[in-house]
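Good morning, and thank you for coming. I would like to guide you through one protein model, from its overall layout to a few selected residues.

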Amino acid sequence: MTYADRERIFAKDILYVADVAQLMNMAETHASALMCQIRRKAETEGTLRWNVKGQLHVQDWLDYFHLTGDRYCKPMRVEG
């Protein structure tokens, strides 16, 4: 997976099973199970942002793995 692939995936608000499968290099059945696990954890903690089967809010993903959103954003280029 390239940086451009990650950037494309994380440019959206919602991740789909196919996105998670690609990110984690796993079968969609395993990706779906991982998404359910992430949703359950967020729901237990009271932080779940989007509860739709087969979908996961990007911020719930980032929180689960303790990642910052800037990890997948292009750095601002400062001219000067």
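Helices, of at least four residues, and strands, of at least two, are here DSSP runs, numbered from the N terminus. By that definition, the protein chain has four helices and two strands. Their order along the sequence is α-β-α-α-β-α. Please keep in mind that this is a predicted model.

How confident is the predictor? The average pLDDT of the protein chain is 89, and 85% of the residues score at least 70. Among the elements, E1 has the highest confidence, at 97, whereas helix H1, residues 3-10, has the lowest, at a mean of 89.

Let me turn to the chain as a whole. It has 80 residues, and 29% of them are buried. Its accessible surface comes to about 5,500 Å², and carbon and sulfur atoms account for 53% of that. Of the contacts with a separation of 6 or more, 40% are made by residues 24 or more positions apart.

I now come to helix H3.

Which residues of H3 are buried? They are Ala31, Leu34, Met35, Ile38, Arg39 and Ala42. Viewed down the helix axis, these buried residues fall within an arc of 135°, and therefore they line one face of H3. The general principle is that an α-helix has 3.6 residues a turn, so residues three or four places apart point the same way. The cover over the buried residues of H3 includes strand E1 (14-16), helix H2 (17-24), E2 and H4. On the face turned away from the buried side, H3 carries the exposed residues Thr29, His30, Arg40 and Thr44. After H3 comes glycine 46, which has a positive phi, near 75°.

In the loop between helix H3 (28-45) and strand E2 (55-57) we find asparagine 51. Is asparagine 51 buried or exposed? Its relative accessibility is 52%, and because the cut-off for exposed is over 50%, asparagine 51 counts as exposed. Leaving aside residues up to four places away in sequence, asparagine 51 touches Arg39 and Glu43. Its C-alpha atom is separated by 9.6 Å from that of cysteine 36, which lies 15 residues away along the chain.

Helix H4, residues 58-64, contains aspartate 63. With a relative accessible area of 32%, aspartate 63 is partly exposed. Between the C-alpha atoms of aspartate 63 and isoleucine 38 the distance is 9.2 Å, although the two residues are 25 apart in sequence.

Finally, I turn to the aromatic rings. The whole structure holds two aromatic pairs. In one of them, the ring centres of tryptophan 61 and phenylalanine 65 are 4.7 Å apart and the planes meet at 55°, so this pair is tilted. In the pair of tyrosine 64 and phenylalanine 65, the centres are 4.9 Å apart and the planes are at 85°, so the arrangement is edge-to-face. Together, the ring pairs link Trp61, Tyr64 and Phe65 into a cluster.

Thank you for your attention.

Definitions and conventions:
Residues numbered from 1 in each chain as written. Predicted model: local features only at pLDDT ≥ 70, side-chain atom pairs only at ≥ 80, totals over all residues. Heavy atoms only, no water. Buried < 20%, exposed > 50% of the residue type's maximum accessible area, 1.4 Å probe, protein only. Contact = heavy atoms within 4.5 Å. Areas by Shrake-Rupley, 256 points an atom, 1.4 Å probe, with all protein chains shown as cover. Arc of directions from axis to C-beta. pLDDT = per-residue confidence, 0-100. Phe/Tyr/Trp six-rings, centres within 6.5 Å; stacked < 30°, edge-to-face > 60°.
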